[in-house]
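Hello,

Here is the structure I promised to pass on. Please have a look at it first, and then read my notes below.

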Amino acid sequence: MPSNYTSITYDKNSGMAYIYLVNPSKYKIASTEELEQNDDIMLDLGEDCPIIGIELEGEAAAKIAALSTFPKFKKVTTDDGNVNYLLKLNAQEIKRKVQYPGINTVSFLFADQKCKEFIGISIDENKWYSEEYLLEENN
């Protein structure tokens, strides 16, 4: 893995973006599945980790391509003391959160009820998704 590795990449040739949730060199992809609510979002599911990364195409990838700098994950502590890592592509209000069936630690954030306006990801702190990786490695 290159030393200049970042959590978000965009490939101009393919028009696709990728968001890494863990270091991809540590986990093997078991399958790639579409997020039911938005077919521009594909999830790389891991053998030993729920979601290794997220492939974005179409409108979702275009949002990444349009950014002058890629956003970084931010640590957020909720009123009830839970820790989340939030990655937002813009300041739009979150209107809907959805999860892939069986994986309740990662939420996909949308600015509309129909899940067409992807605006980010929220990850609950747990054994797979760590502050060390999400915050420090990607600075």
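To start with a question: is Glu131 buried, partly exposed or exposed? Glu131 is partly exposed, with a relative accessible area of 28%; here buried means under 20% relative accessible area, exposed over 50%, and partly exposed in between, with a 1.4 Å probe and protein chains only.

A word on the source before the rest. This is a predicted model, in which local features need pLDDT of at least 70 and side-chain atom pairs count only at pLDDT 80 or more, while totals for chains, interfaces and linings use all residues. Residues are numbered from 1 along each chain as its sequence is written, and side-chain values use heavy atoms, with hydrogens and water left out.

**Salt bridges**

The structure holds three salt bridges, a salt bridge being a side-chain nitrogen of Lys or Arg within 4 Å of a carboxyl oxygen of Asp or Glu.

Glu131 meets Lys75 in one of them, at 2.7 Å from N to O. Glu131 lies in helix H2 (residues 131-137) and Lys75 in strand S6 (residues 74-77), so this pair ties together parts that are 56 residues apart in sequence. Helices (H or I, at least four residues) and strands (E, at least two) are DSSP runs, numbered from the N terminus. Lys75 is partly exposed too, at 40%.

In another, Glu117 joins Lys63, with the closest N and O atoms 2.8 Å apart. Glu117 sits in the loop between strand S9 (106-110) and strand S10 (118-124), and Lys63 in helix H1, so parts 54 residues apart in sequence are tied together. Glu117 is partly exposed at 34% relative accessibility, whereas Lys63 is buried at 19%.

Lys28 and Glu47 form a salt bridge as well, their closest N and O atoms being 4.0 Å apart. This pair links distant parts of the chain, 19 residues apart: Lys28 is in the loop between S2 and S3, and Glu47 in the loop between S4 and S5. Lys28 counts as exposed at 55% relative accessibility, and Glu47 as partly exposed at 48%.

**The sheet and its helix**

Five strands form an open sheet with antiparallel pairing, in the order S1-S2-S5-S4-S3; two strands pair if DSSP finds at least two bridges between them. Strand S1 (8-11) and strand S3 (29-35) stand at the edges with a single partner strand each, so one side of each has no neighbour in the sheet. From one strand to the next, the twist averages 20°. Axes are lines fitted to C-alpha atoms, for helices over the stretch in contact, and angles run from 0 to 180 degrees between N-to-C directions.

Within this sheet, strand S2 (residues 16-20) and strand S5 (residues 51-56) pair over four bridges, and Tyr18 has Glu55 in S5 as its bridge partner. Helix H1 (residues 58-65) packs on the sheet and touches S1, S2, strand S4 (38-46) and S5, its direction making about 105° with that of S1. Contact means heavy atoms within 4.5 Å.

**A hairpin and a buried phenylalanine**

S6 pairs with strand S7 (residues 83-88) in the antiparallel sense over four bridges, and Thr77 stands opposite Val83 in S7. The hairpin of S6 and S7 has five residues between the strands, and Gly81 there takes a positive phi near 90°.

Phe118, in strand S10, is buried at 1% relative accessibility. Leaving aside residues up to four places away in sequence, Phe118 touches several residues, among them Ile19, Leu56, Lys63 and Phe108.

Best wishes
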